[in-house]
Amino acid sequence: MRIASDVTDTQLQDIAQLADLEEAKARAGGAAAASLRWESASHTDIGRVRPVNEDAFLDSPEQRLWVVADGIGGQSRGDYASSKVVAELRAFPHQHAALANLQDLETRLQSAHEKCRTAFRQHRPGTTVAAMLAHGNHCFFLWAGDSRAYRLRNNELEQLTCDHSLAQEKFSRGELTEEELATDKSAHVLTRTVGAHKTLSLDMLFTAVEPGDRYLLCSDGLYNPIDAEQLGGQLGQGSPEAACISLVDLALAGGGPDNITVIVIDAQASESD
């Protein structure tokens, strides 16, 4: 289920209530023994062109939280912005209620946004963010910018997030074809970020999880040099760690024009939480 952007407090409560209701139904039906076990791995690489790595990430199955933040290139201290996002979310305490979790995540991202807006006199450090929060048999995705979340289910790859870019807006208006979307220069013009824009605007999605699902969070340094078929093929190979290494190697073989960060997350059936 995709949620409209600029989520209000009332909408957030409705989303959380719906998620908790779906979770209760899943538990009542014994779905996946009402429990999932999470395994993940992560890897980042500076690439072959950039002088520094402005990506940051959080790989925390203990918190059931995974985050990729890609500092905006060409602006001062993109690394500052991405590290602030991760620092804020690193202290996130996973709670029982979906609403409390979502409100806490939004508050922490807003705090990172404000710190980026006020840290320097002449610059506004900015970063993308793509976060995945597991909650029982469901997971939430919150994002701004063009870092992405994918799901591999039954060997079928699905992009869960939608880029916040000028090219994506042109595509939505019918001004670009799908083939043109991938190569249009305006794909690098982001319409939402943490820090660089005056206000923080997030998109949100929540979806049921099935045992065997594999999720990928990544910066654009991964998906830009390779096509979706290559991405899906490598993502499905081996353990999360093996998939991470293969994906990064593939992006480097494609020229490595940007920093590359990947997190691969497996949902597995478990008899106990």
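**Note on strand 7, the cores and the overall fold**

1. Start at Y150. Its bridge partner in strand 10 is L216. In strand 8, Y150 has Q159 as its bridge partner. Keep in mind that this is a predicted model.

2. Now take the strand pairs. Strand 7 covers residues 148-153. Strand 10, residues 214-218, pairs with strand 7 in the antiparallel sense, over 5 bridges. Strand 8, residues 156-159, also pairs with strand 7 in the antiparallel sense, here over 4 bridges.

3. Look at the turn next. Strands 7 and 8 form a hairpin, with 2 residues between them. N154 sits in that turn and has a positive phi of about 50°.

4. Is strand 7 buried or exposed? It is mostly covered: 6 of its 6 residues are buried. In a regular strand, side chains alternate between the two faces of the sheet. Check both faces here. R148, Y150 and L152 lie on one side, and A149, R151 and R153 on the other. All of these residues are buried, so both faces are covered; buried here means under 20% relative accessible area.

5. Move to the largest nonpolar core. It has 28 residues. Those with the most contacts inside this core are L65, V67, V85, L89, V129 and F140. Several elements each supply at least two of its residues, including helix 1 (9-28), helix 2 (78-90), strand 4 (65-70) and strand 6 (138-144). Which helix gives the most to this core? Helix 3 does, with 5 residues.

6. Follow L65 through its surroundings. Leave aside its neighbours within four places in sequence. L65 is then in contact with L58, D59, S60, L89, F92, L105, M132 and L133.

7. There is also a second, separate core. This one has 20 residues, among them I226, C244, L250 and L252. In soluble globular proteins, nonpolar side chains tend to be buried together.

8. Step back to the whole chain. It holds 8 helices and 11 strands. The radius of gyration is 18 Å, close to the 19 Å that the globule rule gives for 273 residues, so the chain is as compact as a globular protein of that length. The C-alpha trace spans about 50 × 40 × 35 Å along its principal axes.

9. Finish with burial, contacts and surface. Of the 273 residues, 51% count as buried. Take the contacts between residues at least 6 apart in sequence: 71% of them join residues at least 24 apart. The chain exposes about 12,300 Å², and carbon and sulfur atoms supply 47% of that area.

Definitions and conventions:
Residues are numbered from 1 along each chain as its sequence is written. This is a predicted model: local features need pLDDT of at least 70, side-chain atom pairs count only at pLDDT 80 or more; totals for chains, interfaces and linings use all residues. Side-chain values use heavy atoms; hydrogens and water are left out. Buried means under 20% relative accessible area, exposed over 50%, partly exposed in between (1.4 Å probe, protein chains only). Two strands pair if DSSP finds at least two bridges between them. A nonpolar core is a set of buried Ala, Val, Leu, Ile, Met, Phe, Trp, Tyr and Cys residues joined through side-chain atoms within 4.5 Å. Contact means heavy atoms within 4.5 Å. The radius of gyration is taken over C-alpha atoms; the globule rule is 2.2 Å times the number of residues to the power 0.38. Accessible areas come from the Shrake-Rupley method with a 1.4 Å probe; for residues, only the protein chains shown count as cover.
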